[in-house]
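Here is a friendly tour of one protein model, written for someone who likes cut-offs spelled out. Please keep the viewer open as you read.

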Amino acid sequence: GPLLLIATYGYMFVVVLNIRPPGMTVGQYLAHMCCGLLTYLVMSQALSSAATSLTQDPGLVLNRVFPAELISFREVLTAVPLLIVGLGLSIPWGLSQGTLGWNWLLLPVLLAFALMTLAGCAWILSLCNLLMRDTPQILAYVLMLLMLTSPIAYEASMLPRQAQFLVSLNPFAYFLTAIQDIVVHGRPPSPLMLQGVVITALLAFHGGYALFQKGKIVIAENV
């Protein structure tokens with residue numbers, strides 16, 4: 001699973017292509033890729049599972065006692081523990097590299113904002129799947145594009161200006177870069193990056209929830 005993909009990434013970019021951002025040691029580059037790839041995998045898995053959550057549990061959707069919002073959110077919560085474990089395992093690395101400090105206290109805050117973002121997107125995707133059942137197939141292509149524009153094996157500063165703009169449109173990129181800054185470099189994320197995290201989370205959560213509330217009538221008609 002994730003370990004195999006991380007090992008493949010490391011072998012391809014470090015051994016075969018011999019690419020790494022300027023100023024990074026091999027160890028830092030591997031940690032950079034691990035943080036980015038693990039964060040991406042968790043977020044993509046949460047959205048993929050949430051997209052089909054309402055059609056998989058039609059009985060719960062029509063249950064007036066159990067809120068339908070929790071069905072999609074449950075899939076998000078199921079995926080997140082992998083990220084928590086991964087960040088926990090990075091503590092010994094941070095101690096050995098001297099990056100472990102007060103900045104790490106921002107990680108739970110970033111995780112909370114990531115949950116808000118995933119919850120909002122999950123509500124929207126689960127509704128879309130009720131109206132258009134090929135939503136998971138479309139989502140797979142979108143996630144592939146998000147992976148290519150996520151700073152997993154590179155830093156955004158290494159890209160041309162036009163490509164950096166594409167990265168700035170990727171909501172995943174803000175969370176990946178913020179976690180990489182803290183864990184790998186031991187520095188707080190830039191104000192611009194934190195602003196991107198907060199705005200993305202608030203827009204996704206409140207927008208997704210409002211859309212889901214208005215779409216409950218669609219649930220009753222299509223499930």
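## Ground rules

This is a predicted model, in which local features need pLDDT of at least 70 and side-chain atom pairs count only at pLDDT 80 or more, while totals for chains, interfaces and linings use all residues. Residues are numbered from 1 along each chain as its sequence is written, and side-chain values use heavy atoms, with hydrogens and water left out.

Helix labels come from DSSP runs numbered from the N terminus (helices are H or I, at least four residues; strands are E, at least two).

## How H6 packs against H9 and H7

Let's start with helix H6, which spans residues 106-131. H6 and helix H9 (residues 171-183) pack at an angle of about 170 degrees, and their axes are 11 Å apart. Axes here are lines fitted to C-alpha atoms, for helices over the stretch in contact, and angles run from 0 to 180 degrees between N-to-C directions. H6 and H9 are therefore roughly antiparallel to each other; the classes are roughly parallel under 35 degrees, roughly antiparallel over 145, roughly perpendicular from 65 to 115, and oblique for the rest. On the H6 side, Leu106, Leu107, Leu110, Phe113, Ala114 and Thr117 meet Phe175, Ala178, Ile179, Ile182 and Val183 of H9, where contact means heavy atoms within 4.5 Å. By class, this contact has 10 nonpolar residues, one polar and no charged. The nonpolar class is Ala, Val, Leu, Ile, Met, Phe, Trp, Tyr, Cys and Pro; Asp, Glu, Lys and Arg are charged, and the others, Gly among them, are polar.

H6 also packs against helix H7 (residues 135-148), at an angle of about 135 degrees and with the axes 9 Å apart. That makes H6 oblique to H7. The residues that meet are Leu125, Cys128 and Asn129 in H6 and Thr135, Pro136 and Leu139 in H7. They divide into four nonpolar, two polar and no charged.

How many aromatic pairs does the count come to? It comes to four, with rings of Phe, Tyr and Trp (its six-membered ring) pairing if their centres lie within 6.5 Å; planes under 30 degrees apart are stacked, over 60 edge-to-face, and the rest tilted. Trp123 and Tyr209 form an edge-to-face pair, 5.5 Å centre to centre with 65 degrees between the planes. This pair links distant parts of the chain, with Trp123 in helix H6 and Tyr209 in helix H10 (residues 191-214), 86 residues apart. Trp123 is buried because its relative accessible area is 6%, whereas Tyr209 counts as partly exposed at 38%; buried means under 20%, exposed over 50%, and partly exposed in between (1.4 Å probe, protein chains only).

Trp123 and Phe212 form a tilted pair, 6.4 Å centre to centre and 45 degrees between the planes. Here too the pair links distant parts of the chain, since Phe212 lies in H10, 89 residues from Trp123. Phe212 is buried, with a relative accessible area of 0%. Ring pairs link Trp123, Phe205, Tyr209 and Phe212 into a cluster.

Trp104 lies in the loop between helix H5 (69-97) and H6, and it is buried at a relative accessible area of 9%. Leaving aside neighbours within four places in sequence, Trp104 is in contact with Leu87, Ser90, Ile91, Gly94, Thr99, Ile182 and Val183. Ile182 and Val183 are also among the H9 residues that meet H6.

Val14, in helix H1 (residues 2-16), counts as buried at 19% relative accessibility. Beyond neighbours within four places, Val14 is in contact with Val26, Tyr29, Leu30 and Met33. Ser44 lies in helix H2 (residues 26-51) and is buried, with a relative accessible area of 9%. Not counting residues up to four places away, Ser44 touches Leu143 and Phe172.

## Cysteines

A search of the whole structure finds zero disulfides (pairs of cysteine sulfur atoms within 2.5 Å). For Cys121, the nearest cysteine sulfur is that of Cys128, 11 Å away. Cys121 counts as partly exposed at 27% relative accessibility, and Cys128 counts as partly exposed at 32%.
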